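Please look over the chains below before reading on. Where do they touch, and which aromatic rings pair up?

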Amino acid sequence: MSSEATVQGAPVTARVAGFIDHLRLNDFSVGPAETQQALRVIETVGATDRAQVRQSLKSLLTGRHEEWERFDDLFEAYWFARGRERKGKASQNQHQRASASTPSIWSDHLPDSAASGLGDTRRGGSDEETAGEAAGRVVASTQKALAKADLRHVADPDEIAEAERLAYRLAKAMRYRLSRRYRIAADGPKLDLRRTIRSNIAHGGEPITLVNRARPDKPVRIVVLLDVSGSMKLYSRFFLQFVKGLVCEWIDADAYLFHTRLIRVTDALKDKDTVKAMTRLALMAEGFGGGTRLGECLRVFNDRYARRALNSRTVFVILSDGYDTGSPDLLAGELKRLRKRVRRIVWLNPLLGWRDYEPVTAAMAAALPLVDHFAAANTLEALRQIEGDLARL
Amino acid sequence: MTAITDLKDRLAAVHYVADDTLATALQLALTLKRPLLLEGEAGVGKTEIAKALSAILDARLIRLQCYEGLDANAAIYEWNYQRQLLAIKASEHEQASAAEIEKHIFSEDYLLRRPLLEAISQDRSPVLLIDEIDRADEEFEAYLLEILSDFQITIPELGTVTATSIPHVILTSNGTRELSDALRRRCLYAYVEFPGPERELAIILSHMPDIEERLAVQVARFVRALRKEDLEKAPGIAETLDWAAALTGLGVTALDQDLATVQQSLICLLKTEADAKAVTKEVTSRLVGTAA
């Protein structure tokens with residue numbers, strides 16, 4: 001492999017540095033220190049055995065499961081130019097670099113198709129299906145991006161501010177102290193007798209250093225699942241703002257989009273630049289306007305994310321109209337699994353605000369008995385009204 | 001590469017069947033003297049790796065089991081207050097000056113070494129297993145960073161203890177909490193998967209040399225197929241071994257020979273009520289069909 005590198009005239013060091021750069025563009029947390037270590041590894045392992053070098057570098061340069069899974073593709077793509085997305089090779093490479101470093105400037109001026117290429121063409125080499133499920137990494141082709149709903153129109157400052165404020169207030173309403181247990185706290189109101197005695201053994205039992213305790217103020221964790229399927233089209237833009245507000249303002253919030261697949265979007269939403277965040281989301285919400293498979297998405301959530309995302313202080317919010325093309329039994333089963341893990345399940349349904357609407361769809365009927373709070377969410381006004389209800393939950 | 005195959009052979013000798021990826025990661029951790037972080041589902045044999053490593057290196061295994069609320073006292077060192085008090089009492093008649101007493105009671109004799117301090121003060125490099133690091137608090141992770149990068153511990157009363165030998169550190173995580181980037185960057189990383197049927201067969205044969213080979217093959221295939229079913233808790237390698245032992249104990253020589261017994265013995269593999277209900281007789285017979 002490195003023989004190939006030297007044949008091309010570039011010294012190994014530069015090629016390896018380039019590889020680290022390539023990984024960094026693909027969201028690996030690696031730096032110059034890793035370049036040196038990588039060189040050292042290649043030196044010790046010997047550059048003759050490709051599989052060996054790949055495995056060694058994999059162990060050295062990855063740090064989490066997602067990276068571990070993507071590494072092989074990225075390795076192949078860089079050293080052998082075999083990435084699936086790399087038809088344009090060198091010229092595209094330049095573009096990727098430029099777009100990665102100056103995204104916010106471009107996104108305001110480029111037409112939708114070009115802007116939505118941002119940040120995602122650089123994820124060359126990972127396949128669409130797996131990428132979609134791994135923390136919102138989606139490779140989208142330009143044609144699809146053209147057909148995609150343009151989320152940037154909602155970037156009206158007043159509306160954003162309002163939605164975010166509201167999200168925060170709702171989150172606050174759901175916040176309550178769940179902890180009955182006391183923990184050590186420097187300025188807690190009560191004396192922790194046991195620990196005081198323990199820590200004063202060194203003073204011969206004289207209580208010189210006092211240890212206080214208090215009830216920790218543990219904010220609830222909020223996990224939101226937002227339906228972005230066709231039937232929700234009118235509302236999903238607004239709800240995205242709402243969810244973004246929640247994720248940015250709340251300490252402990254996690255957000256997912258779903259239509260026929262489930263995508264984690266927390267990281268994308270945390271982007272301070274709203275336009276950029278929305279563009280990234282538009283890419284992720286690929287399949288916007290498709291059907292909903294709520295049950296299956298919940299299963300993916302339960303299998304994949306639940307263990308990490310949920311705890312007993314979690315309020316689980318589903319924003320969906322309940323028009324589900326999957327089987328209601330599956331949905332009910334998954335909701336039951338979910339109930340065991342979370343504190344509350346809140347279902348916000350925009351259709352509920354319509355006159356004469358009855359939650360009679362099979363999915364809604366199956367889900368209702370398992371949901372702790374079911375409320376309308378078609379206007380800001382309606383959302384404001386549920387604030388009080390949530391506080392009582 | 002010979003070093004890797006060599007390592008694999010040595011691991012196999014102590015009944016640990018490693019694949020290439022894992023062996024490479026281990027080899028690299030040994031050569032670079034860097035900690036190795038292992039992640040993977042429960043039951044894929046992460047902890048066993050450390051035990052196997054200590055066996056082949058003939059090194060002491062020092063284990064630190066992490067839990068919520070683990071603090072420096074329990075992980076690094078603590079003064080033996082009771083002994084110190086007794087020593088003070090005892091020296092009251094000896095007319096020793098306060099400074100002397102202080103020097104005496106804050107000597108190494110009165111230091112209780114907890115796993116981390118123990119690990120860096122060995123003459124020969126031990127294997128330090130920090131198990132389920134994701135259960136410990138983030139504060140503890142921060143403590144660990146200093147120790148893992150510099151291999152030294154500062155005790156205010158004694159001064160800095162520098163490692164006499166660098167331990168081989170293995171950290172395991174089940175992914176119940178996201179670990180910090182700082183910790184990840186200091187470690188080599190390997191994700192341990194469930195073994196493929198060949199490797200699982202090798203594991204069964206390695207642990208139970210007396211088992212009928214035909215049964216072992218079927219067990220490996222059956223468990224492989226079972227893991228693909230939609231289970232809450234996929235059976236780990238230890239469960240496979242239990243099951244193989246149970247089947248041999250029950251006198252089963254082939255899975256398709258006695259379905260009722262096989263069904264009953266599945267309690268070795270299925271550890272939740274929902275899973276036990278999900279794998280009905282029909283499912284079992286289908287799986288046996290694919291395994292046979």
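What follows covers the contact between the chains, then the aromatic pairs.

This is a predicted model. Begin with the contact between chain A and chain B. Chain A puts in 30 residues. Chain B puts in 28 residues. Between them, about 2900 Å² is buried, and carbon and sulfur atoms give 48% of that area. Three residues stand out on chain A. A:R64, A:W68 and A:R308 supply 21% of the area that chain A buries against chain B, more than any other three residues.

Now turn to the charges. There are 4 salt bridges between chain A and chain B. One of them joins A:R64 to B:D181, with the closest N and O atoms 2.4 Å apart.

Which elements of chain A give two or more residues to the side that touches chain B? They are α3 (32–45), α4 (50–61), α5 (65–80) and α16 (294–309). α3(A) gives the most, with 7 residues. By type, this side of chain A divides into 7 nonpolar, 12 polar and 11 charged residues.

Next, the rings. The count over all chains is 15 aromatic pairs. Take A:F19 and A:W79. Their ring centres are 5.6 Å apart. Their planes meet at 50°, so the pair is tilted: edge-to-face would need over 60 degrees. A:F19 sits in helix α2 (residues 12–25) of chain A, and A:W79 in helix α5 of chain A. The pair thus ties together parts that are 60 residues apart in sequence. Both A:F19 and A:W79 are buried. They also belong to one aromatic cluster, together with A:F71, A:F75 and A:Y78.

B:W79 lies in strand β3 (residues 77–79) of chain B. B:F106 lies in the loop between α6 (98–105) and β4 (111–113) of chain B. The pair ties together parts that are 27 residues apart in sequence.

Are these two residues buried or partly exposed? B:W79 has 5% relative accessibility, so it counts as buried. B:F106 has 23%, so it counts as partly exposed. The cut-off for buried is under 20%.

How values were computed:
Residues are numbered from 1 along each chain as its sequence is written. Chains are lettered from A and ligands numbered from 1 in the order in which they are written. This is a predicted model: local features need pLDDT of at least 70, side-chain atom pairs count only at pLDDT 80 or more; totals for chains, interfaces and linings use all residues. Side-chain values use heavy atoms; hydrogens and water are left out. Contact means heavy atoms within 4.5 Å. Buried area is the accessible area (1.4 Å probe) that two parts lose on being put together, summed over both. A salt bridge is a side-chain nitrogen of Lys or Arg within 4 Å of a carboxyl oxygen of Asp or Glu. Helices (H or I, at least four residues) and strands (E, at least two) are DSSP runs, numbered from the N terminus. Ala, Val, Leu, Ile, Met, Phe, Trp, Tyr, Cys and Pro count as nonpolar, Asp, Glu, Lys and Arg as charged, and the others, Gly among them, as polar. Rings of Phe, Tyr and Trp (its six-membered ring) pair if their centres lie within 6.5 Å; planes under 30 degrees apart count as stacked, over 60 as edge-to-face and the rest as tilted. Buried means under 20% relative accessible area, exposed over 50%, partly exposed in between (1.4 Å probe, protein chains only).
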